[in-house]
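Please keep the sequence and the model in view while reading the numbered points.

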Amino acid sequence: MAEIVSFPDAGRAEGLLLRSLRDGVLRLVLNNPPANALSIALLEALMAELDKAGSDASVRVLVIASTGNVFSAGHDLKELTAHRADEDQGAGFFDRAFRLCADLMLKIANLPKPVIAEVDGLATAAGCQLVASCDLAICTDTSTFCTPGVNIGLFCSTPMVAVTRAAHRKQAMEMLLTGETIDASTAKDFGLVNRIVPKQYLAQVVAKYAGVIASKSPLTLKIGKEAFYRQLELPVEAAYDYAAKVMVDNMLTQDAEEGIGAFLGKRAPEWTGE
């Protein structure tokens, strides 16, 4: 049976999100124990960091990780339930919470820099949505994933958007209809994660991936990430037409000229981001 996790009282904004920047890699660590609930405060903190990172030239790659044994168990059910006492029975607050979460996921997709999910433990509901929304996901061999809303009468409709775009259609539907937990190996088979590693090597492997990506031209990464998501929604002929135009524009950048020249000259490129 999938795990449904309830959370302690919300309202503690300070320290909910830990931040560190090293060698172009920005680590954002969810720190809302015991289940790293995506409360309004934590969602807003994540949005603020993503907004800053998007225009910060010192940030090349972002990693979203967590403290504790749960990556994130999704929305704070106690925070949501408390607003049923509102005059509108909570409708206004519910709308705010779900829209803010959706905006965060869109922000990740539209960010001009790659985002890697470093997953150790349970990622459920909106926590699973967060993993699915990241460009890459690397998890421990003991991590688990689920969209368990159906078990409590609340279908995971917003997590569904990200999960169905990361996992295969029928396997995503299996997760959504059953609400059952899947292990790391199944999550990889479904397409939710890229790699599975032993717990003791997780940070090391993620750092290696992030470092490799951070060494590339930031302009090229920006061009490529935007093109990747745009072409996915196009018919194949339109996708090729669009991608060809992107290639032409990319070829005209200084970084492409430098990169090709460095390759032909057998030297390391010096990126300018232009």
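1. In which loop does P112 lie? P112 is placed in the loop between α3 (91–110) and β5 (115–119); helices (H or I, at least four residues) and strands (E, at least two) are DSSP runs, numbered from the N terminus. The model is a predicted one, in which local features need pLDDT of at least 70, side-chain atom pairs count only at pLDDT 80 or more, and totals for chains, interfaces and linings use all residues. Residues are numbered from 1 along each chain as its sequence is written, and side-chain values use heavy atoms, with hydrogens and water left out.

2. P112 has a relative accessible area of 21% and is therefore partly exposed. Here buried means under 20% relative accessible area, exposed means over 50%, and partly exposed lies in between (1.4 Å probe, protein chains only). Leaving aside neighbours within four places in sequence, P112 is in contact with G54, L221 and K222, where contact means heavy atoms within 4.5 Å. The C-alpha atoms of P112 and R60 are separated by 9.2 Å, although the two residues stand 52 residues apart along the chain.

3. As to the whole, the protein has 11 helices and 10 strands. Its radius of gyration is 20 Å, close to the 19 Å that the globule rule gives for 274 residues, so the protein is as compact as a globular protein of that length. The radius is taken over C-alpha atoms, and the rule is 2.2 Å times the number of residues to the power 0.38. Along the principal axes, the C-alpha atoms fill a box of roughly 65 × 40 × 40 Å. Of the 274 residues, 43% count as buried. Among contacts with a separation of 6 or more, 68% are accounted for by residues 24 or more positions apart.

4. The protein exposes about 14,300 Å², of which carbon and sulfur atoms supply 56%; accessible areas come from the Shrake-Rupley method with a 1.4 Å probe, and for residues only the protein chains shown count as cover.

5. Helix α11 (residues 254–264) has the buried residues D255, A256, E258, G259 and A262. They cover an arc of only 165° around the axis, which puts them on the same side of α11; the arc is that of the directions from the helix axis to the C-beta atoms. An α-helix has 3.6 residues a turn, so residues three or four places apart point the same way. What covers the buried residues of α11 includes α9 (218–232) and α10 (236–251). The face turned away from the buried side carries the exposed residues E257 and L264.

6. A125 lies in the loop between β6 (122–124) and α4 (126–133) and is buried, with a relative accessible area of 16%.

7. Which residues does a cis peptide bond join? The bond joins P33 and P34, with omega about 10°. P34 is found in the loop between β2 (25–30) and α1 (40–55).
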